[in-house]
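Look at the structure first, then read on.

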Amino acid sequence: MIAVAAGTNRIDPYLIPALDGVAYGLLVFVAASGLVFCFGVANILNLAHGLLYAIGGYTAAALLDGGWVSLALALAVGVLAAAATGVLLAGLLTPVATGNHLSQALLTFGVALAGGSLLVAGFGPDNPQVQVPAALEGSVMVAGHRYAAYRLVFIVVAAVLAAALYLVVRRTRAGMLVRAAVDDPEMVACLGVSPARIRAGVLAAAGALAGAAGVLGAPIIGPGTGTADTVLLLSLVVVVLGGLGSMAGTLLAALAIGEIQTLGVALLPSAAPFLLFAAMAAVLAVRARGLAGRWRAA
Amino acid sequence: MLTVDRLCAGYGGGIVLHEVSLRVRPGSIQAVVGRNGAGKSTLVHTIAGLVRASSGRVEIGGVHVAGRQPHRIAQSGVGLVPQGRRVFSRLTVAEHLHLAAAPWRAPTSGGEGWTVARTLELLPRLAVRLRHRGCELSGGEQQMLAIARALLGQPRVLLLDEPCEGLSPDLAARVRELVNGLAADGLTVLLVEQQLQHAVELADRVAVLEYGRVVYDRPDAEARRDPAPLAAMLSVAAVAPPPANRPTPRLWADTP
């Protein structure tokens, strides 16, 4: 009994960081899954992906006023704006869509720089504050610890989003097209489906997901001058760790990142600056194809 | 009607097909035979739009389609059963059929009204494998699935690239019987085949490709009556010198 209590006491300080890691990981999953599908389905390296999240984040900062209506409005506007930016990107990428990744990287990096500058010009250089709905501002008790209510709700919402994404990919015709395109894009074209339409659809969906993550995750990774870079970097780590086109791998990698960034830092504070990249290097050294292999869309 | 007129195509700067001309009547089977590397698959891929035609014409029912993108050509009524089947490994049979019978694949003018039910009636083996993924099927089942996928696109022209490759003799015979039945129903069939005997048995006309050129194109009756020239062309001893290569003209037009 004493041993159990002692064990519980040892785990206790890390419970909240571990829970935070789940929230952070699910946020990274929703934000990064679009980039994974861009890469796996459309074979496009989109370095403007972080910008799509930042659009959602700035929308949240501009529209949220502590009410539920403003949250719904911010979500709608953020998702639509980021999805529209995704479609715009698809149009810009058309000439280099079948080219090498360097051309795509240069083009999308340019868009990211220009878009980031426009956001700063529009919203100012300071990191804006984000006001969550008043009902979620407080904290709740979790295993004897106070924990931010918004983060707890975010975990539920992000889990629902992840489940919805899984169902769309597995059960809908659009999801089948995505999985088929990961497998053999030429044969999908021979079914009469335009690769350009698939590309635009994937980039729009990627934008919508990143936009939703930006709005809902603004209290966790808030809008600011470095937000786009942070989200892009985390998303690229997810791509490397999770493998291309794999939803299960993406989720696993995102949760691993979340735990490394929170629980890992709590356990090894001195290693905080390089813990994430050390983990990435270790995974690559042991399993170069990522945690769940590659080319699996669910 | 499928008309291929002086079609040139290749990869990079090299030409593989040299002014290939063929006419396939509705309801007939045109076999194309030739050695490995003769350009048979390139011909099929060029008609389907997967390889860029550098010059020449491809007409489906009188409509020029060469140079269009593959999805446009598919929408014009061209169904492809590729070499190696290329079924989607992670999709189930049911998902293949669902995707292939999608609303964007409305019956093409003159195309047969293929439904999932009719396709399963024709290929009953697929009906008991609906929940299995493409990678879990046998070679014969994958071939049936590739044919079903193509038929659900309501094609007027069916391109079959070595459909019997790797199949057991009885399965290969079933596939040939199936292709014969499809042509009898009015489908225009271009069949790439390695086995000369099978090609002659099945086709209404037989063409031989050699180094990307049509060196023989006659009715099957003539090929049956006098098979010696045909056999000689496909024998190792009858290798003609390859034609000189020439640069690819820039005629790729991405017709919307």
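Helix H6 of chain B is mostly covered, with 12 of its 13 residues buried. Buried means under 20% relative accessible area, with exposed over 50% and partly exposed in between (1.4 Å probe, protein chains only). Among the buried residues are Gly140(B), Met144(B), Ile147(B) and Leu151(B). H6(B) covers residues 139-151 and reaches 18 Å from its first C-alpha to its last, close to the 18 Å expected at 1.5 Å a residue. That expected span is 1.5 Å times one less than the number of residues. Helices are DSSP runs (H or I, at least four residues), numbered from the N terminus.

This is a predicted model: local features need pLDDT of at least 70, side-chain atom pairs count only at pLDDT 80 or more, and totals for chains, interfaces and linings use all residues. Residues are numbered from 1 along each chain as its sequence is written, chains are lettered from A in the order in which they are written, and side-chain values use heavy atoms, without hydrogens and water.

Now the interface of chain B and chain A.

| Item | Value |
|---|---|
| Residues in contact (heavy atoms within 4.5 Å) | 23 of chain B, 19 of chain A |
| Area buried between chain B and chain A | about 2,200 Å² |
| Carbon and sulfur part of that area | 61% |

Buried area is the accessible area (1.4 Å probe) that two parts lose on being put together, summed over both. The rule finds three salt bridges across this interface. Each pairs a side-chain nitrogen of Lys or Arg with a carboxyl oxygen of Asp or Glu within 4 Å. Glu95(B) forms a salt bridge with Arg179(A), their closest N and O atoms being 2.8 Å apart. On chain B, helices H2 (70-75) and H3 (93-100) are the elements that give two or more residues to the side touching chain A.
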